[in-house]
Amino acid sequence: MSEKTNIKKKIKYIIIAIHALLTLAFAPLVFENVGVNPFMSKVVREVISSRGEIVMSYIYTEITALVLVFLFWNFVFKIFSGFKKSYITFLIIFVVGTAAIFLIWPEVFTNRYMHMHDNLTTFSAAIRLTPDYWHSFYLSVVYAAAMLFLPVRFSITLMQWAFFVAVLAYVFHRAKNNFGNPAYLIFLFFLFPNASEIMTYAHRICMYVILLALFTAIILFDIYEKKKRSVEETVGLCAFAAFLCVWRSEGIIFCAPLFIAYLIAVYKKAFARIFKTLVIFASFFAIISIPQKVGDEKYYGKDYSIMNSFENLYYIFNASNADLEYKNASNDLQKIEKIVPVGMVKEFATEGYRNYNVNVRKNYDLDQSAVSIDEAKEYMAAYKSVLAHNPLIIVKLRINWAFETCGLGGPFKLEEYTGEKHEIEERHYYGWDVGYVDYYQGFINKWRAIGLRDRFANKIFRLFTGYRDFTMNYAIYGIGLLILVLTNAFIAVKGIVSFFKKKDCFETVIGAAGFFALAAFAAIIAVMPVPSYIYFYSTWISMMTVVYIFGLYAVCSKKHGKGEKNAD
């Protein structure tokens, strides 16, 4: 190592150390009203004290902030130590994009036209060190860590945008090293109707898919290049894979098996090495899972499953051909009635449960049932029994939802409530009020009040939503996604053929990736609580990454062969 390189390395670590210390110094600027829960959740089981939650939240937040600092400065020094002309394109995209996003901020934080206020409550949880277990412990941790990195509210949005551009640049440069100029096709992603949300909307799924695309690219390019990572890099990859598996359940379906396929492909018959790596992965998974499990035990129990049940029950209760006369049906309905009146679900579905929860049961965390373990188990058993006797209705419902979220009309006609209309007392979720007050303070309010900026933001949002609506109205959106799914299916089949013919290892693994993405897609269709396209972002982006890399591989292999493989 040259003396010049040594000096640069020392400078880098000094800067990292200073910035790391600053994350500690920034804490008083970031955290306020510590310990005051904005969700007003009831404690169901005292598995950890409030003080314990605060300490746990701070430790995980500080660790995440330190990871951000380490990644940022390593990325900066890597760019400028081997600067390439192609970097200029991405730097321009980042700078121009940052200016444009700042002009439409803070509206992008809650997505102006989706009226998504959940991010505000998560923000409150982040600065109060009272984790947002419902949407994900790690979402509130990431929010707070971004502000420890740079103590301003805009840093959350800026971090998301920076990660998006960095991942785009990373995938592009590895693709260009291996496949040449066709790598520029990556910029077609900006034509995806929901690209603006993924780039700027601080929703848990939008943030997640950026990391998922990075993980998918690392795995597939490493296999193509036959690259073996160092011990340190492998440990980091284990932690990354485990984090993705914990943050979103679809990570277990996609990331975990893809990581195992990667280990088998890279280490082949080195079973001891594969086993040791999987032990490290499992250890990270267990450690990273702890906070979310603690929150589920203390507050929510089976509430996620309970919340996911009401739309299914709504369509069953309103179907004229529903079987609600089976043996023990009355007993099952009584168990459901203990949680929420059947009539409320029949008429109002999930909204009926939430209104009843807030106005009658006085659970101001509108997603929390606050019932005992036994009551929750009885409810879920009853719900599953109702489903088991009415499977065709649920299959039709899920197929309809899959079509609707792709911008296409559902093929089946399902009955909805047609009985006597009842008025229910309007519920109010105070968590949104708290979040609004916490987020919109000082400079933000002055910035929002500038008329010219507001008009500009309005036009930008209308442009984005108008483009998406256009693609949906003319079935471009749905047809494009259908082609994406079918292409993944083709890649999956090709991978299976390659496996049995013992041909190209890369084709086998990328085929497996296509199959795992399809499996995650099917799982989301089966369990999503409401028909919302945002639930599919993770599978669509993983599919896009698979198709992009496979497409470049197929074209370049056919025309020029695989060529030189340069790891990055």
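Predicted model: local features only at pLDDT ≥ 70, side-chain atom pairs only at ≥ 80, totals over all residues.
**First stop: helix α20.** Select residues 430-439, which form helix α20. Within this selection, highlight G431, G435, D438 and Y439, the buried residues of the helix. Viewed down the axis of α20, these buried residues fall within an arc of 85°, so they line one face of the helix.

**Second stop: helices α4 and α8.** Select residues 85-103 for α4 and residues 154-179 for α8. The two helices pack at an angle of about 155°, and their axes lie 10 Å apart. Because angles over 145 degrees count as roughly antiparallel, α4 is roughly antiparallel to α8. The crossing of α4 past α8 is right-handed. To view the contact, display side chains on both helices: α4 contributes residues including Y87, F90, F94 and F102, while those from α8 include L158, W161, V165 and F172. By class, this contact comprises 14 nonpolar and five polar residues, with no charged residues.

Keep α8 displayed and select residues 137-149, helix α7. Here the packing angle is about 100° and the axes are 8 Å apart, which means that α7 is roughly perpendicular to α8. On the α7 side, select V142, Y143, A146 and M147; they meet S155, I156 and M159 of α8. Six residues of this contact are nonpolar, one is polar and none is charged.

Note on methods:
Residues numbered from 1 in each chain as written. Heavy atoms only, no water. Axes fitted to C-alpha atoms, helices over the stretch in contact; angles between N-to-C directions. Helix = DSSP H or I, 4+ residues; strand = E, 2+ residues; numbered from the N terminus. Parallel < 35°, antiparallel > 145°, perpendicular 65-115°, else oblique. Left-handed = near helix turned anticlockwise from the far one by under 90°. Contact = heavy atoms within 4.5 Å. Nonpolar A, V, L, I, M, F, W, Y, C, P; charged D, E, K, R; others polar. Buried < 20%, exposed > 50% of the residue type's maximum accessible area, 1.4 Å probe, protein only. Arc of directions from axis to C-beta.
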